[in-house]
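Reader: I am new to this structure and would like to learn how to read it. Please show it to me, and then take one term at a time.

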Amino acid sequence: MAVSIDDVRHIASLARLGITEPRAAAIANELNTILAHMDELAKVDTAGIQEAIGVGAEGLPVRKDLGPPFPLARSHDAFAPSLRDGFFLVPRLSTHESTEES
Amino acid sequence: MTARSCAVVCEETAAGRVTAADTVNEAVGRAREVGAGRDGLNAFVWRDDADALSQAASLTDRLSDTKPGAMLGVPVAIKDNIATLTLPTTCGSRILEGYVSPYEATVVKKLRAAGAIPFGKTNMDEFAMGSSTEHSAYGPTKNPIAPDRVPGGSSGGSAVAVASGVVSIALGSETGGSVRQPAAFCGIVGVKPTYGRVSRFGLVAFASSLDQVGVFGATVDDAARGLGVIAGHDPMDSTSASIAVPDYTAGANVGLKGLVVGLPKEYFPASLDPEIRRRCDAAVDRLRALGATVKEVSLPHTDLAIPVYYIVAPAEASSNLARFDGVRYGFRLEGEGLRGMYEATRSTGFGPEVTRRILLGTYVLSAGYYDAYYRKAQQVRTLIADDFRRVFQSGVHVLFTPTTPTPAFPIGAISDPYEMYLSDIFTATANLAGVPAMSQPIGRIGGLPVGGQFLASHFDEARMFTAAYALERALGAEALA
């Protein structure tokens, strides 16, 4: 299952990472080298073996779906890159970029 | 030179012979003396000595009406991926440049409640992804024993803070060996508790089914005291267990008669460095002399741990690190539209190793590859956990192994990512199975420390500490020679 440069472009897009063409080729090589070692796993007979779910003695407990959220020591404007009226500001979606800012 | 032990600082502070401020000043002086800052060993990336002194002063003021805590006046270094209120939390990454957390990790809160003073944030491989502390946006950390060599990673800064005598206790985090491996490389003690033993609230997530906060100590006793303070259930972390925390120092002077120690043969392959084997053999002889029964056991799926780990951990990381997108906190770089901003921010903010692992994780989770890689890895992980369960159910109390296949390697010596991943070959299994493990010094090779590792069954850290205390006593100065 060799990773192609197209695969790298695809997964970079899924991961929201901008990758240059020369870097995409290098990453394809790196991933192929790493994944070659993972092929060892294909030789293991795992028929009927349950996938690991939680590793503690108690499995994976789920917290009750209750609030309240914990109080913050400083407000969002102390660390948000861009904030207005308590809302995080982000650039417009490209499909809306021709519209005027309201 | 090591810092005064936790027990001594507590006792002297409680008796009024020293103040917490004296101890903090000692740490500041020692940090200066060894060059622990960015232009030296690069152990600390953020420090505010005035704030630490102010916390120490307020502790002294409170002493008259407060019961002395288990960490009274003890400065503790904190890894840069554990949230603190007064110092930045940047995970060694440019993407969190300037970020100061609006909340505090439970482990830090517990340390402060016990009288400890957070003393600086320590350097680390970016987002804890690395085994050498070379992959930090703030440059590599150097091993104080041989400054041309790595301290191990990813918690290398915390290990160096203890090994260079600045502090006696430091917090790190473990995903595949990030406390035990640097502890072995720097000649100190490093503990990874059972998955669920310590709250992760405020630990920046890397791989959530593996991550645990761990403790470094100059000695077994320092580490035992550190873990005793931070362990326990936390309602803020649903994966923390409601299981009573024993006194880990109770085994300090206990013999090993009746203890069954397993030596997993897969951790002593024919290719193992003969000098490391010799140090392990000497340690095992001491365990026998202390009354322990030693027997060979098998953990047959050990050699699959690295392939499994490097599928599961990057897969979880690719999801956890999706939150770093320039919207709510940290670094932002504008691009074309919203998507351009995401891509510019993440491509510039993350370093090459983090980018590689996010891509690897995204690939193994993507349509067409999930079953072949991720599902398969999770099935083999079950086999690895079953290996441990079977051995501990057979009457073995603790396992003993080398912590690492080699001593600390030179900075820049390993450029192949998979070769670097193999540094974790003896440590990643404990994270995959969720069992506790610890490393302690068992000697040196050409002046470089060698670590021996104890592993125990889930929540049986106390027995592991009993064995470690006894081995430390028996080895004495030989552990550091």
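Author: Start with contact: two residues are in contact if their C-beta atoms, placed from the backbone, lie within 7 Å. This is a predicted model, in which local features need pLDDT of at least 70, side-chain atom pairs count only at pLDDT 80 or more, and totals for chains, interfaces and linings use all residues. Residues are numbered from 1 along each chain as its sequence is written, while chains are lettered from A and ligands numbered from 1 in the order in which they are written.

Reader: Which residues does Ala218(B) touch, not counting residues up to four places away in sequence?

Author: Ala218(B) touches Thr2(B), Ala3(B), Ser5(B), Val162(B), Ser168(B) and Ile188(B). By contrast, the C-alpha atoms of Ala218(B) and Leu321(B) are separated by 33 Å, and these two residues are 103 residues apart along the chain.

Reader: Where in chain B is Ala218(B) found?

Author: Helices (H or I, at least four residues) and strands (E, at least two) are DSSP runs, numbered from the N terminus. Ala218(B) is in the loop between strand S6 (212-217) and helix H7 (220-230) of chain B.

Reader: Is Ala218(B) buried or exposed?

Author: A residue is buried if 20 or more other C-beta atoms lie within 10 Å of its own, exposed if 12 or fewer, and partly exposed in between, with C-beta atoms placed from the backbone. Ala218(B) has 22 C-beta neighbours inside 10 Å, so this residue counts as buried. Of the 481 residues of chain B, 63% count as buried.

Reader: Which residues of helix H10 of chain B are buried?

Author: They are Leu338(B), Met341(B), Tyr342(B), Glu343(B), Thr345(B), Arg346(B) and Gly349(B).

Reader: Which residues other than glycine have a positive phi?

Author: Two cases will do. Phi is near 50° in Asp85(A), and also near 50° in Phe127(B). Asp85(A) lies in the loop between strand S1 (83-84) and strand S2 (87-88) of chain A, and is exposed, with 5 other C-beta atoms within 10 Å. Phe127(B) lies in the loop between S3 and H5 of chain B, and counts as buried, with 29 C-beta neighbours inside 10 Å.

Reader: What is the peptide bond from Gly153(B) to Ser154(B)?

Author: That bond is cis, with omega near 15°. Ser154(B) has its place in the loop between strand S3 (117-122) and helix H5 (156-163) of chain B.

Reader: How many helices and strands does chain B have?

Author: Chain B has 15 helices and 11 strands. Its C-alpha trace spans about 70 × 60 × 45 Å along the principal axes. Among contacts in chain B with a separation of 6 or more, 76% are between residues 24 or more positions apart.

Reader: How many residues of chain A are in contact with chain B?

Author: 49 residues of chain A are in contact with 62 residues of chain B. On the chain A side, helix H1 (5-14) and helix H2 (21-38) are the elements that give two or more residues. The largest share, seven residues, comes from H2(A).

Reader: What pLDDT does chain B average?

Author: pLDDT is the predictor's confidence in each residue, from 0 to 100. Where pLDDT is low, the predicted coordinates should not be read in detail. Chain B averages a pLDDT of 95, and 98% of the residues score at least 70. For the complex, the predictor gives an ipTM of 0.91 and a pTM of 0.96.
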